[in-house]
Amino acid sequence: MNAPTLGNVFDQLVEEQHLPESDRERIAAALAGTRLNAPWFVQILSVVGAWIAAIMLFASSSACVGLVLGEPPLESLIFFGIVLCGIAFWIKLQALESVFFGVFAMVIAMVGQMLFVVGIGISTESIDAALGAALILQGVFLAFYPGRVLRFLSWITIVAILVYFIVDAEFGAGIYLLAVLLAAVTAYVWLRNPVLLGEYRTKDAIRTASYALPLSMFALLLIPLLNTEFEYPSNQASDYHQPLIAAVGLLFVVVALEAVQLRRLDIPLQSRETLLLAISTALVFAPSLWTPGIPAAVLVLLLGYWRGSRVLMGMAAAFLCLFVAQFYFNLDTTLLVKSYMMMATGLVLLGLRYVLFNYAQL
Amino acid sequence: MSNPLDVRATPERLLMLLDQDAISAETWERARELAGHGPTAKAWSRFLDRMLMLLGAALLLSGIVFFFASNWDRIGRLAEFAVLETALLLAVAFVAHEGTKVLSGKVALMGASILVGVLLGDIGASYNIQADAPEFFLAWAALITGWVIIGEWGPLWLLMMALLNLTVATYWTDSLMLILLIGLNATALAMWEFGDEWQVPWMTARWIPRVLAVVAVVVSVGLMLMFILADSYDFEQDSTLAWAWLAYLALTGGLAFGYYRVKPDLFMLTLCCAGLVIVSVAVVGKLMSWGDLEDDNLSTVCLNTLILGLLAIGETAGFVKGLMSLHQRWESQQ
């Protein structure tokens with residue numbers, strides 16, 4: 001069967017009275033004059049190019065400041081940074097549709113941000129002050145800058161700064177709590193996607209958050225693999241239970257999402273299907289109590305499938321592979337015990353699938 | 001002029017209409033369902049089926065690999081082989097029962113292919129043969145070739161490619177290894193595209209050629225950067241490095257021509273553009289001798305980095321603009 005065209009879909013919508021007949025022409029006109037959004041990989045290209053340019057221009061502008069002012073007063077870096085950020089806003093607002101000026105403004109904004117943050121850092125001799133200033137600056141860009149790529153980077157930077165503060169405070173559980181928070185916000189954003197995207201004010205921030213937040217969450221959950229501070233085993237029971245807290249939090253988010261789906265599909269909560277789904281969820285989560293990345297990836301996979309986002313599903317699948325590998329490093333048990341756990345869970349999941357689809361007729 | 005509504009109702013197009021306030025949130029939700037993008041109860045059930053199967057198989061296989069990686073010495077060598085061979089036989093028996101046309105059969109065949117590697121690794125560990133030797137990867141690849149052919153499944157094919165890449169990476173060294181890796185992945189990519197062109201049913205997935213292209217381009221850009229940054233001593237030590245530029249240009253030119261003229265694919269062209277931005281900045285930087293950064297000559301640093309920054313901006317903007325106009329043109333032709 002051929003895939004339906006927009007015409008087929010709108011015919012049906014008119015028939016179901018979801019859309020007045022007169023709107024068809026308006027939609028056709030809107031579609032004819034539309035400039036398509038850049039695909040995700042083209043946006044990555046612009047980020048790669050902008051980063052290379054920003055690093056070069058940062059070096060250039062720092063050297064220029066030194067050249068013009070000799071021993072520059074440190075405030076000049078801050079001042080120069082603010083001026084560049086302002087110029088970036090101005091260029092972007094003046095030439096919203098221009099690709100060249102879009103990339104140019106993005107690079108100028110990046111250089112401005114770097115100069116501003118470095119200036120604050122050097123003049124106060126405090127990393128905390130510099131990152132605090134960076135946090136405020138990113139908030140301003142997120143709220144007002146009319147460019148999606150830079151807003152996406154702002155989300156990532158904000159999460160990275162929060163992680164720094166958590167690590168600096170040696171609050172290990174904070175990483176996992178932040179991951180649960182990001183998971184909950186991601187689920188909410190995708191759940192309310194159509195309404196939030198329909199709002200002019202929230203449109204760009206939400207569009208970028210819907211990909212930046214899950215990506216940040218995955219990066220966050222990989223930290224225990226990279227940073228020895230979060231490695232296991234630990235002598236402190238509280239440290240050992242930190243990933244457990246995250247897994248339980250993520251389980252709640254997944255269960256909430258499943259409940260929404262069941263309601264959407266008119267399946268009662270007391271039904272056999274609900275019971276089977278609950279058992280499946282518990283079994284999928286069982287092996288991952290100390291590797292919360294696995295439920296996080298499952299959550300994003302479910303969201304991606306529901307909303308038909310191949311990018312989100314691809315991201316989740318790639319990180320799922322990484323998290324299964326992470327299992328190798330985690331857990332205060334021997335490799336042998338881990339292997340038993342994984343084999344047992346794998347067999348249970350395959351057995352469950354067999355029972356669900358051969359006997360329970362799901 | 002053709003009717004703009006006579007195009008496929010993809011999730012991206014529907015989202016674009018919502019984005020432009022052309023339709024309301026409720027209409028968008030219903031439109032997605034009508035276009036087949038809002039999963040029904042049946043679709044969710046199929047998704048759950050696949051997820052349980054893939055996750056279960058992945059965990060089971062990982063568990064088996066961990067078990068043998070732990071070098072458990074409480075069971076004897078013969079018992080280890082017996083356990084592995086039994087698992088292998090069970091997987092093959094399952095494939096024979098289910099066939100290779102269904103996903104469960106393909107997953108079992110993938111499991112069997114990985115178990116062959118575990119068995120070889122265990123034999124290697126038992127008889128003190130290096131597990132990271134090229135012979136190990138080559139033998140593994142050779143033993144599963146038949147299954148890869150009858151499996152007719154992209155991921156199995158990728159496993160084969162990973163093993164061949166590892167064989168090359170562990171046998172050769174220096175730039176020759178990188179050139180061979182480029183050639184290997186480019187050949188595999190061409191084979192896949194011919195398969196797609198000849199409408200081989202299992203060779204239609206687009207993510208496989210993209211993975212191959214990413215590997216080839218990343219390796220070629222790395223090789224090209226080695227070539228640009230090398231000095232005369234490096235060329236004396238590694239004579240093949242002199243051919244790096246040819247390998248890079250042949251790959252980039254081939255990809256650009258093939259995916260612009262023969263089989264339009266914006267992802268592949270974007271990949272080439274990203275490589276070009278990195279390489280061109282490195283070339284111009286080298287020509288301007290950015291070693292001056294080490295000197296105290298602030299004006300040279302200021303000027304050189306300014307030129308490089310502007311070059312990167314110009315190239316990126318030019319490529320993005322060109323790619324977007326191609327995207328617009330190709331989408332309107334669909």
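## I228(B) and its surroundings

Let's start with I228(B), a residue of helix 9 of chain B (helices, H or I with at least four residues, are DSSP runs numbered from the N terminus). Setting aside residues up to four places away in sequence, I228(B) touches V279(B), A282(B), V283(B) and K286(B), where contact means heavy atoms within 4.5 Å. With a relative accessibility of 8%, I228(B) counts as buried (buried is under 20% relative accessible area, exposed is over 50% and partly exposed is in between, using a 1.4 Å probe and protein chains only). From I228(B) to I208(B) there are 20 residues in sequence and 30 Å in space, C-alpha to C-alpha.

## How to read this model

This is a predicted model, in which local features need pLDDT of at least 70 and side-chain atom pairs count only at pLDDT 80 or more, while totals for chains, interfaces and linings use all residues. Residues are numbered from 1 along each chain as its sequence is written, chains are lettered from A and ligands numbered from 1 in the order in which they are written, and side-chain values use heavy atoms, with hydrogens and water left out.

## Two nonpolar cores

Which residues touch the most other members of the largest nonpolar core? They are I144(B), W157(B) and L212(B), in a core of 84 residues. A nonpolar core here is a set of buried Ala, Val, Leu, Ile, Met, Phe, Trp, Tyr and Cys residues joined through side-chain atoms within 4.5 Å. Helix 5 of chain B (residues 103–126) gives the most to this core, with 11 residues. Apart from this core lies another, of 67 residues, with V180(A), A209(A), L257(A) and I294(A) among them.

Leaving out neighbours within four places in sequence, W157(B) is in contact with V148(B), A188(B), M191(B), W192(B), W202(B), M203(B), I208(B) and L212(B).

## Helix 7 of chain B

N165(B) lies in helix 7 of chain B, which covers residues 154–171. Its relative accessibility is 13%, so N165(B) counts as buried. Beyond neighbours within four places in sequence, N165(B) is in contact with L181(B), L184(B) and N185(B).

L166(B) is found in helix 7 of chain B too. Is L166(B) buried or partly exposed? L166(B) is partly exposed, because its relative accessible area is 37%. L166(B) and D49(B) are 117 residues apart in sequence, and their C-alpha atoms are 33 Å apart in space.

## Chain A as a whole

Chain A has 16 helices and 0 strands (strands being DSSP runs of E with at least two residues). Of its 362 residues, 52% count as buried. Among contacts in chain A between residues at least 6 apart in sequence, 69% join residues at least 24 apart. The accessible surface of chain A comes to about 16,900 Å², and 68% of that belongs to carbon and sulfur atoms (areas come from the Shrake-Rupley method with a 1.4 Å probe, and for residues only the protein chains shown count as cover).

S154(A) counts as buried, because its relative accessibility is 1%. S154(A) touches Q138(A), F141(A) and L142(A), not counting residues up to four places away in sequence.

## The second largest pocket

The second largest pocket holds about 1,300 Å³ of space. On a 1 Å grid over the protein atoms alone, a pocket is an open set of points where a 1.4 Å probe fits, with protein on both sides within 12 Å along at least five of seven lines, and lining residues have an atom within 4 Å of a point. Of the 33 residues that line this pocket, K92(A), L96(A), P146(A), R148(A) and D204(A) are the closest to its centre.

The lining divides into 17 nonpolar, 7 polar and 9 charged residues. Among the helices that each supply at least two lining residues are helix 3 (40–69) of chain A and helix 13 (298–333) of chain B.

## Positive phi angles

E125(A) has a positive phi of about 50° although it is not a glycine. E125(A) sits in the loop between helix 5 and helix 6 of chain A, and it is exposed, with a relative accessible area of 75%.

Q199(B), also not a glycine, has a positive phi near 55°. Its place is in the loop between helix 8 (174–197) and helix 9 (207–229) of chain B. Q199(B) is exposed, with a relative accessible area of 66%.

Note on methods:
Points joined across faces, edges and corners; volume = space filled by probe spheres on them. Nonpolar A, V, L, I, M, F, W, Y, C, P; charged D, E, K, R; others polar.
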